[in-house]
Amino acid sequence: MLVIGGTGTVGTEVVRALTDKGAKVRVMTRRLGAHSGAEYVAGSLESPETLGSAFDRVSKVYLLTPLAENEVELGMNAVRAAQESGVRHIVFQSVHQAADAPQIPHFKTKLEIIEGLRSSGIPYTVLSPNNFFQNDLGLQEPITGYGVYAAPIGGVGCSRVDVRDIGDAAAVTLLEEGHEGRDYALVGPDILTGEDCAAIWARHLGREVAYGGDDLDAWAEAVSSMMPEWLVRDLCVMFAYFQEHGLKASLEEVAELTQLLGRSPRSFDDFVAEIAPGWS
Ligand SMILES: NC(=O)c1ccc[n+]([C@@H]2O[C@H](COP(=O)([O-])OP(=O)(O)OC[C@H]3O[C@@H](n4cnc5c(N)ncnc54)[C@H](OP(=O)(O)O)[C@@H]3O)[C@@H](O)[C@H]2O)c1
């Protein structure tokens with residue numbers, strides 16, 4: 001079992017869920033270091049010649065592509081390496097409802113990689129997560145320092161998800177039979193607006209936290225020193241879409257995920273209750 005992206009926010013949870021179930025896991029990384037719990041091998045999706053040893057004798061792959069301007073090329077390098085080594089099943093991580101919003105660059109890239117997977121002939125499953133709860137870990141400073149919830153997700157609402165549920169769903173779809181050809185929405189149980197998220201942080205921190213508002217120019221300026229310009233533009237298109245349409249799961253999608261996990265997906269309220277004591 002090979003996990004690509006297995007050192008990141010989601011991937012570490014995929015590795016955790018797989019190893020908890022006794023699976024033997026190999027993780028490909030550009031930076032070999034002090035990792036444990038799996039076999040770590042060097043490789044980069046940028047360099048197809050490094051992929052052979054990572055894919056050697058692997059039958060199943062979790063493919064997470066990083067946010068990158070050349071994301072499709074990176075994803076297709078993995079698909080070609082999988083073809084060459086005879087991989088029998090790929091679980092690809094996309095984005096919830098990507099097909100409804102191909103104007104968002106990093107949603108469109110997922111659709112193109114899925115098209116490449118379809119053409120490859122390798123059986124595959126798509127996991128389509130909503131916005132991660134864990135994105136808020138990067139908002140500690142504005143929340144605790146200024147009392148501002150600074151993600152401009154708008155007032156329609158998103159069915160945000162805990163990345164631990166992505167890890168658990170990945171393990172089920174990789175280790176159990178019968179998930180080829182499926183696309184699972186990975187979503188939380190609640191539809192959350194920016195105001196809702198601010199209120200939940202406020203309640204658990206016992207302090208005022210206000211939603212920072214929908215001004216995307218102000219958001220872009222605030223984050224411009226922290227991420228490349230192309231990514232700021234990409235995320236502005238995404239937040240504008242969230243503000244207009246939200247990213248809401250249907251009851252059927254929540255029910256399907258509940259069945260897949262064998263339990264309800266984790267709630268944002270419980271996530272914040274876990275994190276807030278460490279921030280107080
Ligand atoms: N944030 C959200 O709310 C959200 C919601 C839905 C979907 N997504 C999608 O989730 C993905 C990001 O997941 P994440 O937040 O877990 O990512 P992350 O924490 O940024 O981790 C990126 C991972 O990709 C690996 N990586 C980066 N460049 C690589 C390369 N050239 N070759 C091989 N591996 C490479 C990194 O490994 P090393 O550094 O060890 O090499 C790391 O394991 C994106 O596709 C994004 O569109 C995000």
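Tutor: One term before we start: a residue is near a molecule if its C-beta atom, placed from the backbone, lies within 6 Å of it. Also keep in mind that this is a predicted model.

Student: Okay. Which residues come nearest to the ligand?
Tutor: Thr7, Gly8, Thr29, Arg30 and Leu45 do, out of 27 residues around the ligand.

Student: And what classes of residue make up that shell?
Tutor: It has 13 polar, 11 nonpolar and three charged residues.

Student: Now the sheet. What is the strand order?
Tutor: The order is β3-β2-β1-β4-β5-β6-β8. That makes an open sheet of seven strands, and the pairing is parallel.

Student: Which strands are at the edges?
Tutor: β3, residues 39-42, and β8, residues 183-186. Each of them pairs on one side only. From one strand to the next, the twist averages 20 degrees.

Student: What holds strands together in general?
Tutor: Strands of a sheet pair through backbone hydrogen bonds, either parallel or antiparallel.

Student: Let's zoom in. How many bridges are there between β1 and β2?
Tutor: Three, in the parallel sense. β1 covers residues 2-4 and β2 covers residues 26-29.

Student: Which residue in β2 is the bridge partner of Leu2?
Tutor: Arg26. Further along, Ile4 stands opposite Met28 in β2.

Student: Which way do the β2 residues point?
Tutor: Arg26 and Met28 point one way, while Val27 and Thr29 point the other way. All of them are buried.

Student: What about β4 and β5? How many bridges join them?
Tutor: Four, and the two strands run parallel. In that pairing, Val61 stands opposite Ile90 in β5.

Student: Why is β5 described as largely enclosed by the rest of the structure?
Tutor: Because four of its five residues are buried.

Student: Which strands does helix α4 touch?
Tutor: Helix α4, residues 105-120, packs on the sheet and touches β5 (89-93) and β6 (124-129). Its direction makes about 170 degrees with that of β5.

Student: Switching to the core. Which members of the largest nonpolar core touch the most others?
Tutor: Tyr62 and Ala170, in a core of 75 residues. As background, nonpolar side chains tend to be buried together in soluble globular proteins.

Student: What is Tyr62 in contact with?
Tutor: Leaving aside neighbours within four places in sequence, Tyr62 is in contact with Val3, Ile4, Val14, Val91, Ala170 and Leu174.

Student: Now loops. What is the phi of Arg57?
Tutor: Positive, about 60 degrees, although Arg57 is not a glycine. Arg57 is in the loop between α2 (51-55) and β4 (60-63).

Student: Is Arg57 buried or exposed?
Tutor: Exposed, with 9 other C-beta atoms within 10 Å. For exposed, the cut-off is 12 or fewer.

Student: And what is the phi of Gln97?
Tutor: Also positive, at about 55 degrees, and Gln97 is not a glycine. Gln97 is found in the loop between β5 and α4.

Student: So why does Gln97 count as buried?
Tutor: Because Gln97 has 20 other C-beta atoms within 10 Å, and buried takes 20 or more.

Student: Where is Gly262?
Tutor: In the loop between α10 (251-261) and α11 (268-279). Gly262 is exposed, with 8 other C-beta atoms within 10 Å.

Student: Last one. Where is Arg164, and what does it touch?
Tutor: Arg164 is found in helix α6, residues 163-175. Arg164 touches Glu13 and Arg266, not counting residues up to four places away in sequence. Arg164 is partly exposed, with 19 other C-beta atoms within 10 Å.

How values were computed
Residues are numbered from 1 along each chain as its sequence is written. This is a predicted model: local features need pLDDT of at least 70, side-chain atom pairs count only at pLDDT 80 or more; totals for chains, interfaces and linings use all residues. Ala, Val, Leu, Ile, Met, Phe, Trp, Tyr, Cys and Pro count as nonpolar, Asp, Glu, Lys and Arg as charged, and the others, Gly among them, as polar. Two strands pair if DSSP finds at least two bridges between them. Axes are lines fitted to C-alpha atoms, for helices over the stretch in contact, and angles run from 0 to 180 degrees between N-to-C directions. Two residues are in contact if their C-beta atoms, placed from the backbone, lie within 7 Å. A nonpolar core is a set of buried Ala, Val, Leu, Ile, Met, Phe, Trp, Tyr and Cys residues joined through C-beta atoms within 7 Å.
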